Amino acid sequence: MMKNIIFTFLLLISSNIFMNFAWYSHLKNFKNSPMLFVLIISWGLAFFEYSLQIPANRLGHTVFTLPELKMIQECISLSVFVPFSIIYMKEKISFNYIISGIFILFALFFALKK
């Protein structure tokens, strides 16, 4: 069971790294590129996201309910997005964003509470 949980988290984290690059890196790297080119690059990255996300969901559903799995996914998504946003995209994170993230962590806590 613990092995499934660890692999689920590792797959979800890896998937979200690809997701952030697929969804947002074009805003920095390909601002002036044709939309078709950007779509092809993004879909290529999204292939790897899905290749990790689908096994993560299958494995995760052996130990978590679907709502629990979704809440975990959302928290991991934001946990990966924040460093991506700050380090790679050079965005500033405000106090409001931090408070919002804390509330999302509370949501996960209550979702997983038995």
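**Reading helices and rings**

Me: S42 counts as buried, at 14% relative accessibility. What does buried mean?

Reply: Buried means under 20% relative accessible area, exposed means over 50%, and partly exposed is in between, with a 1.4 Å probe and protein chains only. At 14%, S42 is therefore on the buried side. Before we go on: this is a predicted model, where local features need pLDDT of at least 70, side-chain atom pairs count only at pLDDT 80 or more, and totals for chains, interfaces and linings use all residues. Residues are numbered from 1 along each chain as its sequence is written, and side-chain values use heavy atoms, with hydrogens and water left out.

Me: Where is S42 found, and which residues does S42 touch?

Reply: S42 is found in helix 3. Helices here are DSSP runs of H or I with at least four residues, strands are E runs of at least two, and both are numbered from the N terminus. Contact means heavy atoms within 4.5 Å. Leaving out residues up to four places away in sequence, S42 touches A22 and H26. As for P67, S42 is 25 residues from it in sequence and 28 Å from it in space, C-alpha to C-alpha.

Me: What describes two packed helices?

Reply: The angle between their axes and the distance between the axes. Axes are lines fitted to C-alpha atoms, for helices over the stretch in contact, and the angles run from 0 to 180 degrees between N-to-C directions. Here, the axes of helix 1 and helix 3 (residues 35–60) come within 8 Å and cross at roughly 160 degrees. Helix 1 and helix 3 are therefore roughly antiparallel; angles under 35 degrees count as roughly parallel, over 145 as roughly antiparallel, 65 to 115 as roughly perpendicular and the rest as oblique.

Me: Is the crossing of helix 1 and helix 3 left-handed or right-handed?

Reply: Left-handed. A crossing gets that name if the near helix is turned anticlockwise from the far one by less than a right angle, and right-handed if clockwise. The helix 1 side of this contact includes F7, L11, F18 and W23, and the helix 3 side includes S42, F48, L52 and G60. By type, the contact residues are 15 nonpolar, eight polar and one charged. In that scheme Ala, Val, Leu, Ile, Met, Phe, Trp, Tyr, Cys and Pro are nonpolar, Asp, Glu, Lys and Arg are charged, and the others, Gly among them, are polar.

Me: And how do helix 1 and helix 4 cross?

Reply: Their axes come within 9 Å and cross at roughly 50 degrees, with helix 1 covering residues 2–24. That makes helix 1 oblique to helix 4. This crossing is right-handed. The residues in contact divide into 14 nonpolar, five polar and no charged. Among those that meet are L12, N16 and F21 in helix 1 and Q73, I76 and F84 in helix 4.

Me: Is Q73 buried or exposed?

Reply: Buried, with a relative accessible area of 8%. Q73 belongs to helix 4 (residues 66–88). Beyond residues up to four places away in sequence, Q73 touches L12, N16 and Q53.

Me: What describes a pair of aromatic rings?

Reply: The distance of the centres and the angle of the planes. Rings of Phe, Tyr and Trp (its six-membered ring) pair if their centres lie within 6.5 Å; planes under 30 degrees apart count as stacked, over 60 as edge-to-face and the rest as tilted. That rule gives nine aromatic pairs here. One of them is F21 with F84, edge-to-face at 5.0 Å centre to centre and 80 degrees between the planes. F21 sits in helix 1 and F84 in helix 4, so the pair ties together parts that are 63 residues apart in sequence. F21 is partly exposed at 27%, whereas F84 is buried at 8%. W23 and Y24 also form an edge-to-face pair, with 6.1 Å between centres and 75 degrees between planes. W23 is partly exposed at 47%, and Y24 is partly exposed at 28%.

Me: Which residues do ring pairs link into a cluster?

Reply: F18, F47 and F48.
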